Amino acid sequence: MKIRNLLILIFSSLVMISCVREVSNNESKEVAIAVNISVAKSSTLAQSLTPSVQSHKSGTFVSGEYRTQGTVSITTKDSKLFLELGQSFKISESDPDLVVILHRSDNVIGSTKPPAYSFKNGDYIILAPLKKYSGAQTYPIPNNINLADYKSAAIWCRKFNATFGAAKLIS
């Protein structure tokens with residue numbers, strides 16, 4: 001009788017261990033499925049929260065009145081146009097009246113005369129005052145601007161009608 005009880009106890013223990021393993025495996029699968037679903041949802045949410053950025057045109061600055069270097073690009077974020085000066089942007093002189101403009105000419109420096117490389121009214125549109133003399137920066141382009149009309153970006157001093165530098169915008 002004692003052997004029989006011992007065998008029943010051993011058999012019951014094996015069955016319980018087997019059941020625990022089965023439940024544990026099923027729970028692990030359920031947890032793995034839940035984690036995969038959560039990661040997929042997070043990834044989709046992150047993609048939907050990341051603004052869609054599309055580049056239209058870009059160029060490299062050529063010095064005019066003062067040394068100007070770096071890149072510029074026209075981009076779209078969430079259906080809005082922006083002019084972006086790249087991280088490598090740098091201008092050698094600080095002036096309190098510098099502005100960022102779009103210009104109709106594809107060769108601003110070559111189509112104007114030194115030393116000031118001055119502009120004529122109607123050839124440009126002012127986007128905003130220059131925020132800083134080096135580094136990345138972004139300027140919104142008004143919705144009513146037709147980019148096809150403007151072929152260059154430039155840094156211009158309004159006070160002295162002097163072009164510090166310009167970049168031909170290429171698609």
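A: Let's start with Asp95, which sits in the loop between strand 6 (90-91) and strand 7 (98-103). Strands here are DSSP runs of E, at least two residues long, numbered from the N terminus. Keep in mind that this is a predicted model, where local features need pLDDT of at least 70, side-chain atom pairs count only at pLDDT 80 or more, and totals for chains, interfaces and linings use all residues. Numbering starts from 1 along each chain as its sequence is written, and side-chain values use heavy atoms, leaving out hydrogens and water.

Is Asp95 buried or exposed? With a relative accessibility of 14%, Asp95 counts as buried (under 20% relative accessible area is buried, over 50% exposed, in between partly exposed, using a 1.4 Å probe and protein chains only). The side chain of Asp95 reaches the backbone nitrogen of Asp97, at 2.8 Å. Skip the residues up to four places away in sequence, and Asp95 touches Tyr133, Cys157, Phe160 and Phe164; contact means heavy atoms within 4.5 Å. Now look across to Leu130: it is 35 residues from Asp95 in sequence, yet their C-alpha atoms are 9.5 Å apart in space.

Leu130 hands us on to Gln137. If we leave aside neighbours within four places in sequence, Gln137 is in contact with Leu83, Glu84, Leu85, Phe89, Leu130, Lys131 and Lys132. Take Leu83 from that list: 54 residues separate it from Gln137 along the chain, while the two C-alpha atoms are 8.5 Å apart. Gln137 belongs to strand 9 (residues 137-140), and its relative accessible area of 5% makes it buried.

What does the side chain of Gln137 make a polar contact with? One partner is the side chain of Tyr139, at 2.5 Å. A polar contact is a pair of N or O atoms within 3.5 Å; within protein, one must be able to donate a hydrogen and the other to accept it, and residues adjacent in sequence count only if both atoms are side-chain atoms. Backbone atoms get involved too: a polar atom of the Gln137 side chain lies 3.1 Å from the backbone oxygen of Gly135 and 3.5 Å from the backbone nitrogen of Lys131.

On to the rings. The structure has 5 aromatic pairs, meaning rings of Phe, Tyr and Trp (its six-membered ring) with centres within 6.5 Å; planes under 30 degrees apart are stacked, over 60 edge-to-face, and the rest tilted. Take Phe119 and Tyr124: their ring centres are 5.6 Å apart and their planes meet at 35°, so this pair is tilted. Both Phe119 and Tyr124 are buried, with Tyr124 at 16% relative accessible area.

Tyr124 also pairs with Trp156, and that pair is tilted as well, with 4.7 Å from centre to centre and 50° between the planes. Because Tyr124 is in strand 8 (residues 124-129) and Trp156 in strand 10 (residues 152-157), their pair ties together parts that are 32 residues apart in sequence. Trp156 counts as buried too, at 5% relative accessibility.

Conventions
Helices (H or I, at least four residues) and strands (E, at least two) are DSSP runs, numbered from the N terminus.
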